Amino acid sequence: MTLDEFNLFCKALPHTTHVVQWGNSDVWKIGGKVFAIGNIGKDGHPAFTFKTSEQNYYFLEEKPGYRPAPYLASRGMKWIQQYNCENDEDEALEYYLSASYKLVSLGLTKKMQKALGLNQSQ
């Protein structure tokens with residue numbers, strides 16, 4: 001996935017906002033909370049960082065092309081960075097970005113979730 005494709009995917013998720021911060025990184029938020037970060041690594045390749053479940057964290061940290069996210073994981077947070085993957089990983093990345101969006105949205109206050117129309121039971 002390219003950085004442009006990453007940004008288009010994140011933009012398409014409902015109620016997301018985008019800022020550029022932390023050394024020119026594309027930072028995507030829901031309700032003011034970060035769910036995904038994209039940037040170009042020192043090696044010139046795109047790197048994508050996202051929050052994950054504990055189970056997926058332990059699975060991905062051992063998978064080639066993925067690693068615990070610099071800074072975030074060292075503070076005990078379950079964030080992973082995809083840093084060197086082939087195009088056949090795009091579908092998996094979309095899944096993990098969507099899951100990160102959902103995890104972060106569930107952590108918003110009930111009032112914020114309601115205001116954004118998120119996670120409402122039928």
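The legends below accompany close-up views of a predicted model.

View 1. Six strands, with antiparallel pairing, make up an open sheet whose order is S1-S2-S3-S4-S6-S5. Strand S1 (16-21) and strand S5 (66-68) are the edge strands, each of which pairs on one side only. With direction ignored, neighbouring strands of this sheet are turned by 25° against each other on average. Between S1 and S2 the antiparallel pairing extends over six bridges, and threonine 17 has lysine 29 in S2 as its bridge partner.

**View 2. Helices H1 and H3 against the strands.** Helix H1 lies across S1, S2, S3 and S4, and runs at about 165° to S3. Helix H3, for its part, lies across S1, S2, S3, S4, S5 and strand S6 (79-82), and its direction is at about 40° to S4. The 17 residues of H3 reach 24 Å from the first C-alpha to the last, which is close to the 24 Å expected at 1.5 Å a residue. Buried positions in H3 are Asp90, Leu93, Tyr96, Leu97, Ser100, Tyr101, Val104 and Ser105.

**View 3. The largest nonpolar core and a second, separate one.** The largest nonpolar core has 24 residues, and those that touch the most other members are Phe6, Cys10, Ile30, Phe35, Ala36, Phe50 and Leu97. Two or more residues each are given to this core by helix H1 (3-12), strand S2 (25-30), strand S3 (33-40), strand S4 (46-51), helix H2 (54-60) and helix H3 (90-106), and H3 supplies the largest share, five residues.

**View 4. The surroundings of alanine 36.** When neighbours within four places in sequence are left aside, alanine 36 is in contact with Phe6, Cys10, Asp26, Val27, Trp28, Thr49, Trp79 and Leu97. Alanine 36 is itself one of the residues that touch the most other members of the largest nonpolar core, as are its contacts Phe6, Cys10 and Leu97.

**View 5. Aromatic pairs that involve helix H3.** The structure holds five aromatic pairs, and one of them, formed by phenylalanine 35 and tyrosine 101, is edge-to-face, with 5.4 Å centre to centre and 85° between the planes. Because phenylalanine 35 lies in strand S3 and tyrosine 101 in helix H3, this pair ties together parts that are 66 residues apart in sequence. Both phenylalanine 35 and tyrosine 101 are buried. The rings of phenylalanine 50 and tyrosine 96 have planes at 10° and centres 5.7 Å apart, so this pair is stacked. Since phenylalanine 50 belongs to strand S4 and tyrosine 96 to helix H3, the pair ties together parts that are 46 residues apart in sequence. Phenylalanine 50 and tyrosine 96 are buried, and ring pairs link Phe50, Tyr95 and Tyr96 into a cluster.

View 6. Leucine 108 is found in the loop between H3 and helix H4 (110-116). With a relative accessible area of 7%, leucine 108 counts as buried, because this value is under 20%. Apart from neighbours within four places in sequence, the residues in contact with leucine 108 are Ile30, Gly31, Lys33, Gln113, Leu116 and Leu118. Cysteine 85 is 23 residues from leucine 108 along the chain, and the C-alpha atoms of these two residues are separated by 31 Å.

Definitions and conventions:
Residues numbered from 1 in each chain as written. Predicted model: local features only at pLDDT ≥ 70, side-chain atom pairs only at ≥ 80, totals over all residues. Heavy atoms only, no water. Core = buried A, V, L, I, M, F, W, Y, C linked by side-chain atoms within 4.5 Å. Buried < 20%, exposed > 50% of the residue type's maximum accessible area, 1.4 Å probe, protein only. Helix = DSSP H or I, 4+ residues; strand = E, 2+ residues; numbered from the N terminus. Contact = heavy atoms within 4.5 Å. Pairing = 2+ DSSP bridges. Axes fitted to C-alpha atoms, helices over the stretch in contact; angles between N-to-C directions. Expected span 1.5 Å × (residues − 1). Phe/Tyr/Trp six-rings, centres within 6.5 Å; stacked < 30°, edge-to-face > 60°.
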